[in-house]
Amino acid sequence: MIDFIRQPWPWYFSGFMIVLIMLMLIFWGKSFGFSSNLRTICSMAGAGKKVKFFDFNWKAQQWNLLFLLGSIIGGWISAQFLSNPNELQLSANTVAELKGLGIHFNGALNPDELFSLGALSSPKTWLLLLAGGILVGFGSRYAGGCTSGHAISGLSNLQLPSLIAVIGFFIGGLLMTWLILPFIL
Amino acid sequence: MKSIKYILAGILFGIVMIKSEAVSWFRIYEMFRFQSFQMYGIIGTAVVLGAISVFLIKKMNWKDASQLPIVFKDKERPYTRYLIGGTIFGLGWALTGACPGPMFVNLGYGYLTMAIVIIGALLGTFLYGLIKDKLPH
């Protein structure tokens with residue numbers, strides 16, 4: 001059993017589990033949308049005193065912060081007990097291309113060149129991670145949601161705005177991957 | 001005690017994100033290069049099953065756990081914000097390989113450098129709040 005869980009899960013099972021989580025939250029009278037937490041945290045930190053956008057009753061969002069806390073714990077549990085003993089099965093083309101960009105495929109989830117503690121000795125790493133985070137935070141609030149809120153919850157409810165947002169996610173993602181990453185990595 | 005269930009749901013979410021490899025920078029790069037079906041399969045399955053579930057919930061007028069009707073809010077028009085905001089989000093998603101959920105899951109998994117991405121995301125959110133009235137929506 002544990003061996004089965006330690007394997008990477010097939011896409012259809014993963015997709016099913018994501019819907020299950022969305023339905024649990026719906027059944028509890030909530031909705032599945034992760035990036036709202038970023039706004040809530042800004043509000044908790046007192047941003048509401050300066051900026052109206054953050055002046056709301058963040059306590060009503062406590063359930064989502066608990067979900068966030070759980071997701072960190074879930075990541076930790078996965079690392080301790082459920083991590084894949086084998087290398088990630090990345091497509092050979094991707095591995096070869098990344099090599100050309102100076103990113104070595106290490107078999108793990110994320111490249112050392114960007115995410116190892118050692119990479120922090122280069123100011124460029126700080127800049128890329130911080131800038132990427134800013135784009136995600138700014139963009140998700142501007143678009144009114146992220147992958148969970150738009151691509152999963154919104155598309156499930158057949159919302160045209162969510163489809164437009166997801167098309168935007170892809171325009172941005174393709175621009176970054178095809179045109180920008182080759183210059184900045 | 002009522003709140004424990006949200007922590008448990010979050011734990012399940014974190015495990016699903018790791019086991020599906022949707023938190024992987026490599027997988028996101030591979031997706032945007034169209035070199036694997038994995039991520040499309042995950043999102044596609046979730047959307048199809050999700051749409052069927054939402055349709056049934058509406059059709060059958062299902063109630064939630066506190067016996068209240070389940071309502072799905074429609075997203076507001078106009079659409080400019082979704083396209084521009086979505087594009088900005090996509091740039092960051094492909095750069096860091098992480099959307100908001102996976103940032104925190106990765107941090108828990110042991111990628112401590114994700115804290116920098118999270119700080120960036122909070123700054124970006126704050127920046128949006130600061131200048132939102134000047135932006136086209």
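Colleague: Which residue takes a positive phi just after α1(B)?

Modeller: That residue is B:Glu21, with a phi of about 65°. This is a predicted model, in which local features need pLDDT of at least 70 and side-chain atom pairs count only at pLDDT 80 or more, while totals for chains, interfaces and linings use all residues. Residues are numbered from 1 along each chain as its sequence is written, chains are lettered from A and ligands numbered from 1 in the order in which they are written, and side-chain values use heavy atoms, with hydrogens and water left out.

Colleague: What span should helix α1 of chain B have?

Modeller: Helices here are DSSP runs of H or I with at least four residues, strands are runs of E with at least two, and both are numbered from the N terminus. The expected span is 1.5 Å times one less than the number of residues, so the 16 residues of α1 (residues 4-19) of chain B should span 22 Å, which agrees with end C-alpha atoms 23 Å apart.

Colleague: Which residues of α1(B) are buried, and what covers them?

Modeller: Buried means under 20% relative accessible area, exposed over 50% and partly exposed in between, with a 1.4 Å probe and protein chains only. Among the buried residues of α1(B) are B:Tyr6, B:Phe13 and B:Met17. Contact means heavy atoms within 4.5 Å, and the cover includes α1 (2-6), α2 (11-27) and α4 (62-81) of chain A, together with α5 (100-109) of chain B.

Colleague: How many helices and strands does chain A have?

Modeller: Chain A has 9 helices and 0 strands, and buried residues make up 50% of its 185 residues.
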